[in-house]
Amino acid sequence: MKGKALTLFYDDSEQSRVRVKGLLGILALVAVFVVGIAGGVTYSDGAVNIKINFFYCLSALFSDGTVGYNLFGSIINIAVPAYVSLYVLFLFAAFVAFTALFVAFSVIKRKDAVWLGYAETAAGGVLILFYLLLLTCPFFLTTDYLGNERIFYELYEVSVFVPFAGLLLILAGVVQWKCRADTVRKIKRYFVFYVMLIVPTLLVFVFSVYPIFLQIILSFKDYTLADGIWGSKWNGFDNFVFLFTDKQMLTVIWQTVYLSFLRLLAGVIPSVFFALVFYHIQKRRYRAVVQTIVYIPHFFSWVVIYAIVSAFLTPSGIINGIIVNWFHGEPIDFLSRTDLFYTNMIFTSVWKEVGWGTILYTASLMSIDKSLYDAASIDGAGVWHKLVHITLPEMVPILVFQVIMAVGSILKGAGGEQILLFATSAVKDNKALVIDTWLYWQGLGELKYGLSSAVSFVQSVIGFGLVIGSHKLSRKLVGIGAW
C-alpha cells in the first residue's frame, strides 16, 4: 500500500496528475463537510438560550419539525424550520454527490472534470446566499416554544461555520476549474509547504476574515449591548444613509480628507528633501550623526512627542517665556488656538516621521548607477540638470508607491492617535473631529457601534478603490504602479 502511494506521488504522467487532483478535491470536500456540520443554530428568545447542532436539525424532519429540550425538568419542544433541516440535507447530498463524481471521473476514469469546479462554486454560492437570506429576509418565519409566530432571525442565530463552508466550497471549486493538471506537478513538488500553510491559513480566517465579517454584519444593525451582534435588529442601510446625509458627518469626512492630504504632502516633500541632502553630504561621520538625530523622533510615542511639544508651546512653556520675558508680549496658548491646530498637527507630524520617510528615499538614491552621473558630468551637466534628469526620475518608483499607499489611506491618514492627544476643549468639537476621533468619541463614547462599523466599512471600501484606481491611473500616466 505504501509503495502504491509513493508511486502515485512521484509518477509524473498526465493520468497520475488528474488522479492526484481528484484526491485533493475529495479532501477539500471533506473539509467543507466537516466545517459545515460543525456548526448549528442557537435558539434564543430572552427566556432560554439553546444550541441545536445540525444533526438534531436533521432529525427534526422525522419528528414533526421539533426538537425536545429539557428545561428545568420539563420537556419543551423547539420548532426547527424545515428550511434549516433541508440545509443539512443539502450539505449531505452535495458531499455524497461531489465525492462520487470525483471518484468516478478523476480517480477511476482519470479524466479532468473541470465542470465539477463550476458546480462546486455554484453550490458554495447557494450556501452563502442561503445564510444571508436567513440573516436579513423577514419572509422566513418560525415559531417560538410557546407557539407564537416570529421572524427567523429574531429567534435563531445561525453558526458562522455555514458561510465559511460556502467560502471553502467556492475556493475548492475555483481551484478545480482554474488548476490544470500541469499545475499538479508543482503541488506534488511543494506538498509539504502546502501542508504547513494550513495552520497559518486557519489563523488568518479566525483572526482576520471573521472579524471583518462581523464588522460588515454589525454595520447593517442597530446594535445594543444587551442583544449582542446577532440579537440586535437589522436596520438596513440606515447607518450608511446617516453617514452621507448628516451635516456633522459630512464635515468630519471633509476634515479627514483635508488633513490627510496635508499630511501626505508633509510626509513626501520634506522626506525627499532630506534624502537629497543626506545623499549629497560627502562626510560620512557628519551624515551619520545628522541622520540619527533626524531618525530618533520616529521611535518616540505620541505621548512623548506631546510632552515635548507642551514644554515649548503651552502658556507657561519655553516659547511663551521668551515672548513674555524678552519681548514683553502676551502669552499665546498655541495648542488651544483653532487657527493653529492644523499647523501644530502638520509640524509635529513632520518632525516625528520625516526621518523614517527619508530612509526609504535614501535607499532608492543609493541604488542609482553612479556611472550616470559620471556620463552627465562629461557632457557638461550641472547639479540642477543631474537632479532633474537623473536623481528625481530614479526616485519615481518609490514615490509612486508611497503616494498610492497614502491615497488609499486618505480616510484613515488624518492621525487619529496624534489628534486625540493634542485636541483641547477648544478644538475638540470642530477642528479635531476627523473619522478616527469621531469613532472614539462618538462611536465608543456614545455606544454607536453599528454606525461606527458602517464608517469603518466605508473607509475600507473607499481606500481599496482608491488604491486600485490610483495604481491604474499611475500605470497609464507614468507607466509605473504599486505592483
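How many bridges join strand β1 to β7?

1. Basis of the note. This is a predicted model, in which local features need pLDDT of at least 70 and side-chain atom pairs count only at pLDDT 80 or more, while totals for chains, interfaces and linings use all residues. Residues are numbered from 1 along each chain as its sequence is written, and side-chain values use heavy atoms, with hydrogens and water left out.

2. The sheet. Strand β1 (residues 40-44) and β7 run antiparallel and are joined by 3 bridges; strands are DSSP runs (E, at least two residues) numbered from the N terminus, and two strands pair if DSSP finds at least two bridges between them. V41 has V158 in β7 as its bridge partner. The open sheet has 3 strands in the order β2-β1-β7, paired antiparallel. Because β2 (49-53) and β7 (156-158) stand at the edges with a single partner strand each, one side of each lacks a neighbour in the sheet.

3. The helix pair. The axes of α4 (residues 82-108) and α5 come within 11 Å and cross at roughly 170°; axes are lines fitted to C-alpha atoms over the stretch in contact, with angles from 0 to 180 degrees between N-to-C directions. The two helices, α4 and α5, are therefore roughly antiparallel (over 145 degrees). Helices are DSSP runs of H or I with at least four residues.

4. Residue E120. E120 lies in helix α5 (residues 115-136) and is buried, at 1% relative accessible area (buried means under 20%, with a 1.4 Å probe and protein chains only). Beyond its neighbours within four places in sequence, E120 contacts residues including L29, F98 and Q176 (heavy atoms within 4.5 Å).

Technical notes
Buried < 20%, exposed > 50% of the residue type's maximum accessible area, 1.4 Å probe, protein only. Parallel < 35°, antiparallel > 145°, perpendicular 65-115°, else oblique.
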